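Biologist: Before we discuss the assignments, please show me the sequence and the structure. I shall then ask on what grounds each term is applied.

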Amino acid sequence: MEAFSAGTLAGAGSFRCGRCGFGVALHERDAVPECPSCGHARFTRASLFGPAQAPGQGQPSCESPQWLEEAREALAIPGDYLAYEDDERVHVVPLQEGWTRVGRSLAADVRFDDPTVSRRHALLFRDETQARVLDDRSLNGVFCNGTRVDLAKLTDGDEIAIGRFRLYFLTVVRERSATPVG
């Protein structure tokens, strides 16, 4: 992991204080500041919108939100879905085969109008055998179950963190009838 103590950074990004974990966002030519929290001057690249943590520790896993089970139970059609909450509303998006774009761009299939999300933040690919999430060169990264990933296979219940949003990958399978037809 790179550490920065002075000068300017090539490119923008999110950084955490190496001592206390305080998060800052820097633009292309911003000088690296002293930490506003503890005065330390060394920062490491990190996700600004993940939970604060001591340096070197992984992100803690979170419990599933209360609305998730209700959303799952409301799904009657078999398939793969993304479920997330935005402005106190639950959204459930069915995933089609092929690519699903997630980001701030107007061209995104799942769009978040929020500065924590890159225009082209992530791609989900789904075919008949599996689903995967791919970081599409985002600034703050894509996290799957608390771990930053470039590419990850998705399974039912996985949490995908994109900016300040938590999306959940859901798989609904058709239940077989217990009564024989005939």
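Biologist: Which residues of helix H1 (residues 67-74) are called buried?

Modeller: The buried residues of helix H1 are Trp67, Leu68 and Ala71. Buried means under 20% relative accessible area, exposed over 50%, and partly exposed in between, with a 1.4 Å probe and protein chains only. Helices (H or I, at least four residues) and strands (E, at least two) are DSSP runs, numbered from the N terminus. This is a predicted model, in which local features need pLDDT of at least 70 and side-chain atom pairs count only at pLDDT 80 or more, while totals for chains, interfaces and linings use all residues. Residues are numbered from 1 along each chain as its sequence is written, and side-chain values use heavy atoms, with hydrogens and water left out.

Biologist: Why are the buried residues of H1 said to line one face of the helix?

Modeller: Seen down the axis of H1, they fall within an arc of 100 degrees, so they line one face. The arc is that of the directions from the helix axis to the C-beta atoms. Turned away from this buried side is the face that carries the exposed residues Glu70 and Glu73.

Biologist: What do the buried residues of H1 pack against?

Modeller: They pack against strand E5 (79-86), strand E6 (89-94) and strand E15 (165-172). Contact here means heavy atoms within 4.5 Å.

Biologist: In what order do the strands of the open sheet follow one another?

Modeller: Six strands form the sheet in the order E6-E5-E15-E14-E11-E12, and their pairing is antiparallel. The edge strands are E6 and strand E12 (147-149), as each pairs on one side only. Two strands pair if DSSP finds at least two bridges between them. From one strand to the next, the twist averages 30 degrees. H1 packs on this sheet, where it touches E5, E6 and E15, and its direction makes about 35 degrees with that of E15. For such angles, axes are lines fitted to C-alpha atoms, for helices over the stretch in contact, and angles run from 0 to 180 degrees between N-to-C directions.

Biologist: How do you know that E5 and E6 are paired, that is, how many bridges join E5 to E6?

Modeller: Six bridges join these antiparallel strands, and the definition asks for at least two. Within E6, Pro94 stands opposite Tyr81.

Biologist: What makes strand E10 (residues 131-135) a partner of other strands, and how many bridges join strand E9 (residues 122-126) to E10?

Modeller: Five bridges join E9 to E10, and the two run antiparallel. Ala122 stands opposite Asp135 in E10, and a hairpin of four residues joins the two strands. E10 is also joined to strand E13 (residues 151-154) by four bridges, again antiparallel; there, Leu134 has Leu151 as its bridge partner. As for the faces of E10, Ala131, Val133 and Asp135 make up the covered one, while Arg132 and Leu134 make up the uncovered one.

Biologist: What makes the contact between Asp80 and Arg126 a salt bridge?

Modeller: Their side chains meet at 2.8 Å, N to O. A salt bridge requires a side-chain nitrogen of Lys or Arg within 4 Å of a carboxyl oxygen of Asp or Glu, so the pair qualifies. Asp80 lies in strand E5 and Arg126 in strand E9, so the pair ties together parts that are 46 residues apart in sequence.

Biologist: Why are Asp80 and Arg126 called buried?

Modeller: The relative accessible area is 11% for Asp80 and 16% for Arg126; because buried means under 20%, both residues belong to that class.

Biologist: What is the mean pLDDT of the protein?

Modeller: The mean is 80, and 76% of the residues reach 70 or more. pLDDT is the predictor's confidence in each residue, from 0 to 100. Over residues 4-11 the pLDDT is below 50, and residues 51-61 are likewise below 50.
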